[in-house]
Amino acid sequence: MTVWEPPIREYDFLFNEVFNAIESIEGLGFEDFDADYLAMLTEGWGMHAKEVWLPINELGDKVGLKFEDGNISMPQEFKDAYRKGIDEGWLATACKPEHGGMGVPTFFSSVTWSEFGTSACMALSVLPALSIGVYEVLTSNGRQDLVDYFAPSLASGELAGTMCLTEPHAGTDLGIITTRAEPEDDGSYRISGTKIFITYGEHDMTDNIVHLVLAKAPGGPEGTRGISLFLVPKYLPAEWESGGVEGISHDLVPEHNGVTCSGSEEKMGLHASPTCVMNFDDSVGWLVGPLHGGMPLMFQMMNRERLATGIMGLGLAEIAYQNALAWSRDRRQGRDLRGIRDPNKPADNILVHPDVRRMLLEAKVNNEGCRALAVWTGILIDQMNSDDPEVAEPAEALVALFTPIIKAHFTDLGCETCSTCMQVMGGAGYCSEFGVEQFYRDVRISKIWEGTNGIQALDLAGRKITQNMGKNLRHLMWPLTEFIEKNRDIPEMGEFNKPLHQGVRGLQQITLLMIAEGMANPHFLAAGATDYCRYFGNVLLGYMWAKMAKVCLERQGEPFYDAKLASARFFFKRIYPETISLAAKIQSGPKTLMDYPAEMF
Ligand SMILES: Cc1cc2nc3c(=O)[nH]c(=O)nc-3n(C[C@H](O)[C@H](O)[C@H](O)COP(=O)(O)OP(=O)(O)OC[C@H]3O[C@@H](n4cnc5c(N)ncnc54)[C@H](O)[C@@H]3O)c2cc1C
């Protein structure tokens with residue numbers, strides 16, 4: 001039996017005390033959105049996730065889905081929970097009111113929503129997350145008739161969406177995909193090819209599914225520049241005959257569009273999330289965005305999904321922590337080394353042991369730091385839509401910079417935290433009865449999909465740092481150094497501000513080294529990328545902890561704020577020093593990797 005309480009007080013603290021979230025989205029079209037509405041949404045969604053989604057999570061893992069004759073049937077409990085989400089409007093928070101959505105800011109829809117959804121039931125939460133990704137790409141780049149026809153049902157959840165990139169021979173290297181798109185006279189295309197690992201590629205949770213498919217149309221250049229993006233429904237609107245869907249009713253019986261599923265993978269976790277082999281056989285599809293210009297659009301979707309994936313790491317780390325904590329309060333083993341705490345019992349509870357405290361605090365403090373960075377990034381995504389370039393430009397630069405770090409660092413930490421929490425619980429942690437074993441299996445995919453963490457690190461070190469003549473980094477250094485300067489002479493801030501300052505200086509030096517050495521030898525940059533990404537992640541979490549500490553210093557005396565200060569101290573003393581060893585590894589360069597004789601592996 002697992003326990004989980006949505007961390008509502010944590011979000012209240014971040015939204016209202018650390019980031020002034022409501023003020024920071026003023027003038028961005030969220031006029032009716034105030035602190036009360038935000039609190040109501042956070043509480044409402046938290047309760048829905050706890051009462052409707054959490055109870056089906058273990059069942060999904062144990063029962064899973066059924067694949068038979070090309071069809072996938074989901075557990076009835078999943079269908080009921082999904083339906084409840086539709087009926088209560090919880091799947092449409094991110095979508096525009098004109099399509100029936102709530103139109104709430106991203107810092108709620110992509111951060112709080114994702115965390116609670118994943119903690120409660122990751123296997124279910126990826127379905128609406130993908131549909132919303134398709135909705136966003138379609139509504140910002142699709143033809144109006146396609147938007148009018150598909151967007152409202154994608155928004156409500158009545159229609160599900162997928163993202164079809166991967167092929168048997170093309171995973172990370174999408175430039176070599178072979179799925180083809182042949183143009184028709186009526187403006188549509190015929191799509192043919194096989195995609196693998198497609199999440200929710202087939203299922204019976206909705207009547208129809210639309211796939212966003214990467215394919216190559218004739219006349220395009222080689223590699224990723226020749227890739228276009230197509231919208232391909234499983235069932236075509238019945239009266240479709242003219243290349244478009246304008247004016248076609250949703251009520252008519254639709255026709256099959258040659259989209260079939262030939263298998264669903266057996267896998268380590270996420271047993272109730274189908275992972276499908278999808279075949280497109282002369283299937284009708286419509287171009288989304290420019291011909292041969294599909295990759296930037298897919299990246300638009302993937303960037304959102306990468307943020308969502310990072311938050312999956314956090315969501316599972318949070319529920320794992322809550323369960324390990326509950327266990328450690330009850331479990332009695334050994335005595336406090338400095339004297340018996342509970343003489344009436346045969347043993348003290350395991351929370352008295354420094355090593356157990358170390359594990360729990362690593363989990364808790366990393367989770368809270370990640371959550372703060374996620375909220376800040378959510379606000380920045382909203383600010384990217386500002387008409388004021390002084391707001392939009394830095395926001396865009398920071399989101400570009402943070403996306404690979406959030407994807408990679410949060411999911412690395414998510415996997416480590418689930419493992420650590422299993423360790424806290426001893427043998428019980430390894431047994432399925434207590435839940436953490438499932439979280440450990442479920443979270444593992446987050447390091448792999450949406451671009452492996454190794455690829456995220458390369459994106460950060462090889463692209464995001466030098467992009468726009470180094471502007472992304474400058475937009476970070478400005479608020480960071482301003483914060484450090486402002487707090488330099490505040491004695492109580494010294495224990496947080498000084499290490500932050502050292503870490504930022506180290507980050508600047510290491511960045512220069514990576515760029516300088518990387519220009520002469522790309523292996524230098526690639527060999528250090530993962531450690532650099534982790535170093536960067538630690539500095540950003542350090543900034544978050546220093547910012548939170550600043551707020552809490554003014555409110556000392558209340559347990560919530562005192563605990564936050566203790567957490568900030570733990571972070572700077574026991575997590576942040578990892579940057580020293582990371583720097584040493586980066587400086588050692590690629591020699592020990594690349595000079596190693598290939599035949600001796
Ligand atoms: C459960 C599940 C769900 C998925 N859902 C979807 C989905 O909905 N849609 C979809 O399109 N795909 C999906 N995928 C596919 C997923 O995105 C890919 O598995 C992932 O991108 C990695 O590709 P790959 O498996 O082919 O690994 P490979 O590309 O073969 O990579 C193998 C290893 O080599 C490394 N590597 C590869 N190239 C480089 C390089 N240039 N530099 C350094 N290292 C490199 C990688 O980091 C990795 O460690 C899913 C996969 C799984 C398992």
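Which residues are closest to the ligand, and how many surround it? That comes up in the first view below. What you have here is a predicted model, where local features need pLDDT of at least 70, side-chain atom pairs count only at pLDDT 80 or more, and totals for chains, interfaces and linings use all residues. Residues are numbered from 1 along each chain as its sequence is written, and side-chain values use heavy atoms, with hydrogens and water left out.

**View 1. The shell around the ligand.** The ligand has 18 residues around it, and the closest are Met-163, Thr-166, Thr-172, Phe-197 and Thr-452. To count as near, a residue needs one of its heavy atoms within 4 Å of the molecule or strand in question. By type, the shell splits into 10 nonpolar, 6 polar and 2 charged residues. Three elements each supply at least two shell residues: strand E3 (159-164), strand E5 (189-199) and helix H12 (453-464). E5 gives the most, with 3 residues. These labels follow DSSP runs numbered from the N terminus, with helices (H or I) of at least four residues and strands (E) of at least two.

View 2. Zoom in on Leu-165, and you find one of its backbone N or O atoms 2.8 Å from an oxygen atom of the ligand. Thr-166 uses its side chain instead, with a polar atom 2.7 Å from a ligand nitrogen atom. Thr-172 also brings a polar side-chain atom, this one 2.5 Å from an oxygen atom of the ligand. Taken alone the ligand exposes 960 Å², and the protein buries 61% of that. Areas like this come from the Shrake-Rupley method with a 1.4 Å probe; for residues, only the protein chains shown count as cover. A polar contact is a pair of N or O atoms within 3.5 Å; within protein, one must be able to donate a hydrogen and the other to accept it, and residues adjacent in sequence count only if both atoms are side-chain atoms.

View 3. Trp-4, Tyr-11, Phe-15, Phe-33, Tyr-37, Phe-107 and Phe-116 form one aromatic cluster. The structure holds 26 aromatic pairs. In one of them, the rings of Phe-15 and Phe-107 have centres 5.2 Å apart and planes at 55°, so the pair is tilted. Phe-15 sits in helix H1 (residues 8-18) and Phe-107 in helix H5 (residues 106-141), so this pair ties together parts that are 92 residues apart in sequence. Both Phe-15 and Phe-107 are buried. Phe-107 also pairs with Phe-33, edge-to-face this time, at 6.2 Å centre to centre and 75° between the planes. Phe-33 is in the loop between helix H2 (21-24) and helix H3 (35-63), so its pair with Phe-107 of helix H5 ties together parts 74 residues apart in sequence. Phe-33 is buried too. Rings of Phe, Tyr and Trp (its six-membered ring) pair if their centres lie within 6.5 Å; planes under 30 degrees apart are stacked, over 60 edge-to-face and the rest tilted. Buried means under 20% relative accessible area, exposed over 50%, and partly exposed in between (1.4 Å probe, protein chains only).

View 4. For Cys-95, the nearest cysteine sulfur is that of Cys-164, 19 Å away. Cys-164 has its closest cysteine sulfur in Cys-276, at 9.3 Å, too far for a bond. Cys-95 is buried, with a relative accessible area of 0%, and Cys-164 is buried at 0% as well.

**View 5. Ser-140 in helix H5.** Ser-140 is found in helix H5, and at 47% relative accessibility it counts as partly exposed. Its side chain reaches the backbone oxygen of Glu-136 at 2.4 Å. Ser-140 and Val-288 are 148 residues apart in sequence, yet 9.6 Å apart in space, C-alpha to C-alpha.

View 6. Most residues other than glycine have a negative phi. Asn-468, in helix H13 (residues 467-487), has a positive phi near 50°. Met-469 lies in helix H13 too, with a positive phi of about 55°. Asn-468 is partly exposed at 47% relative accessibility, while Met-469 is exposed at 75%.

How values were computed
A disulfide is a pair of cysteine sulfur atoms within 2.5 Å. Ala, Val, Leu, Ile, Met, Phe, Trp, Tyr, Cys and Pro count as nonpolar, Asp, Glu, Lys and Arg as charged, and the others, Gly among them, as polar.
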